Amino acid sequence: MDKRIKKVGVIGAGVMGATIAAQTANVGFETILLDIVPPELTEDDKKRGLTEESPAFRNKFAQNGLNQALKSRPASFYVPENAKLITLGNISDNLKWLSDVDWIIEVVVERLDIKKNVFEKLEDVLTPGTIVTSNTSGIPAKEMCEGRSENFRKHFAITHFFNPPRYMKLLEIVPGPDTLPEVVDTLSDVCERILGKGIVYAKDTPNFIANRIGTFGMFAVIQAMLDLGLSIEAVDKLTGPVVGNPKSASFRTADLVGLDTLLHVADNVYQGAPDDEKRDMFRPPQFIQEMVEKGLLGEKTKQGFYKKSKDSEGKKVILSLDYNTLEYTPQEKVKLSSLDAAKNLSGTAEKIKSLYYADDLAGRFTFRTLSETLIYSANRIPEIADDILNVDNALKWGFARKMGPFETWDAIGVSKSVAKMKEAGYEIPSWVEEMLDGGKESFYRREAGKLYYYDQAAKDYREAPLKPGIILLPSLKEREKKVAGNTGATLVDIGDGVACLEFHTKMNAIGNDIITMINQSADIVSKDFEGLVIANHAENFSVGANLVMVLFAAQEEEWDDLEWAIKSLQDALMKLKYLDKPVVAAPAGMALGGGCEVCLAADRVRYAAETYMGLVEVGVGVLPAGGGCKEMLIRNTEHLFEVQKGGIYPKQIELMPFVARAFETIAMAKVATSGPEAVKLGYLRPTDKMTVNRDYLIQDAKNTVLAMNMEGYTPPRPLDGIRVAGENTFAMIKLALWTMHESGYITDHDVTVSTKVGYVLCGGNVLADTKVTEQYLLDLEREAFLSLCGDPKTQARMQHMLTTGKPLRN
């Protein structure tokens, strides 16, 4: 089955349907979004002059869904313009449109009778070979296929997206009894490579993998909380980042999901899995049922396990629920000795291990909840999935956890933890005991750069499959592909004559080690390689310069050292920009300040869709000084040059609006919330391309290097005739700043910092249309940066950022 997906239909424009449609549009698919016709005209409809035949009335539910997706935060669309790829309609009038699509995704209410009714109507318009999938979170595929034609059954599967679809990596694929293998292959390829999902293959069992184990874990946490007398906020401290879970932990996550949804998912297991040994765990405690009766459902009713309120002084506070009284009270300060100790340890694995074996209340809670979840997970194989890989990936990708259950079990030590579990009276799954008896002490092991996992059926280790196009730098380093390196960065040979420069400091902050490796890598690549990729696997590409180092130098008035550091970064990035081999940056996550400037210095950027890029230095009272101001000026004005006989000459077009755009971007510290938005803001060029699934980012960047060489790469020539706007435009910028200050929009220090930004972008106190060099602009950046560092208000901003993680307005 050689089927390409070009056009998608989505039935159901609720929260999930509309946001799934947003993601299919984000990746370039033409998308049709349908919902039902409203049952009747509202008073507002009548005031607008609508009738029951008006398209605006008949398509209202679809339009409302799209509007909500456009307003959602975090944003569902990479850029709002992507919504233009979505065509709205309704099931009664426009179902026939779906005869022209390649893939139909059903996202209607979670009721089998309604879904079957939709599928019956679909059969009348379905083109043979069209793939149909359901986004159900728990209804069996077998039941949804009953009564359907052979063509429908062969091309039907479940594709369970997690909310929000743009951000959550997990997609569970569940084939029906008659689904063709090539349909599963097509869905897997399209959803992974194009939609950017992490694919997990689940069996047709209640709630599949992630929700089955995740819901059990949630109810195990609730029961342990009740038995041990812990508060809701204490449990969230124990089940949050300290054990590798998101900040929303347990109960904040439940508030986001909705308590009614959580109970619906739990009931799916209770009703659908009568043989589950822990079936009774899925029956909610009495206080949970009372919460539902009182409408304490979470975010959707503005109160759940937590409630936003105001104290006696009118300040915003978040109250927590006392589950004994169902009253909201101020949150208690959580003080648990083993929790405090775990927080001070390095690495998630060590933190979990410390808590698991602790003797206090926090330790007893962690031991109980984790042991029960690990045993439950092991007992679900092969019921819900064939192997531990699918289970671990489902829990990591579906709930943004750092470790899956079997990775966690390895972290605490399988043999040691099993002994402790047995001592506490727990029954260990037989296959886990058999694994240990066979001398195999862990679920995973690494050998020669390859990952192996224990396969229950084979009773031995199998190599974890690695799809073509995924480059793992740690694996390459284990296979002795390291070329050079220091504590801040490493140069790795990624094959085919291409090297990769990997940053690995905390948050990938740029300091002397990284600068040294940029210079060294440039020299090595120029001599021994065909091109360079700059990428890493960290959560963030780079958050910018090492602020601690900058603040310390400023406070100690070590101006020569600070100037040398800035000059070193400028020189290193200029060296990258004019390297005689192609340089491709591959950012993902935050690429801020100096991290953004690294990308600005590259020939091309192959960016992850979830790249958050910006020059944010004004937030700490300085300006971009690694070439950021210079590059933003060039990028905003380079199209004003034209080729004439004898060379490239500037068109005589007024520079002010283009300089103003660069100024606004830097002075307002604008941060793109996606890769495509970074193109809109001018941080990236339209020629830079996107990879949606970050797993493939380094390979795609490498391919870009190879393609540039295949096309015949020639390095850029230094710019020595950059036309600047000069003092007249600078005067206009100062006037605008004065007006904003007088109106109370910006502070005195905002004026000071922004004036320096304008000064650099205008080329200093020179006449309009003066031509300058790149080095001239770099010198202006450096001088302005140093002068701002000497300002006590700048130092206060830096200190506040380091202490609180938030900018200070002073």
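Predicted model: local features only at pLDDT ≥ 70, side-chain atom pairs only at ≥ 80, totals over all residues.
Residues are numbered from 1 along each chain as its sequence is written, and side-chain values use heavy atoms, with hydrogens and water left out.

**Exercise 1.** Determine which residues form the negative surface patch, and where E558 lies.

*Solution.* Step 1: a patch is made of residues with over 30% relative accessible area and no salt bridge, like charges being joined within 9 Å and nonpolar side chains (Val, Leu, Ile, Met, Phe, Trp, Tyr) within 5 Å. A salt bridge is a side-chain nitrogen of Lys or Arg within 4 Å of a carboxyl oxygen of Asp or Glu. Step 2: the negative patch consists of E556, E557, E558, D560 and D561. Step 3: E558 is located in the loop between α24 (547-555) and α25 (559-577).

**Exercise 2.** State whether E557 is buried or exposed, and describe its phi.

*Solution.* Step 1: buried means under 20% relative accessible area, exposed over 50%, and partly exposed in between (1.4 Å probe, protein chains only). Step 2: E557 has a relative accessible area of 57% and is therefore exposed. Step 3: the phi of E557 is positive, near 55°. Most residues other than glycine have a negative phi.

**Exercise 3.** Identify the residue that a cis peptide bond joins to I381.

*Solution.* Step 1: the partner of I381 is P382, with omega about 10°. Step 2: P382 is placed in the loop between α17 (361-379) and α18 (388-399).

Definitions and conventions
Areas by Shrake-Rupley, 256 points an atom, 1.4 Å probe, with all protein chains shown as cover. Lys, Arg positive; Asp, Glu negative; His and termini not counted. Charge placed at Lys NZ, Arg CZ, Asp CG, Glu CD. Helix = DSSP H or I, 4+ residues; strand = E, 2+ residues; numbered from the N terminus.
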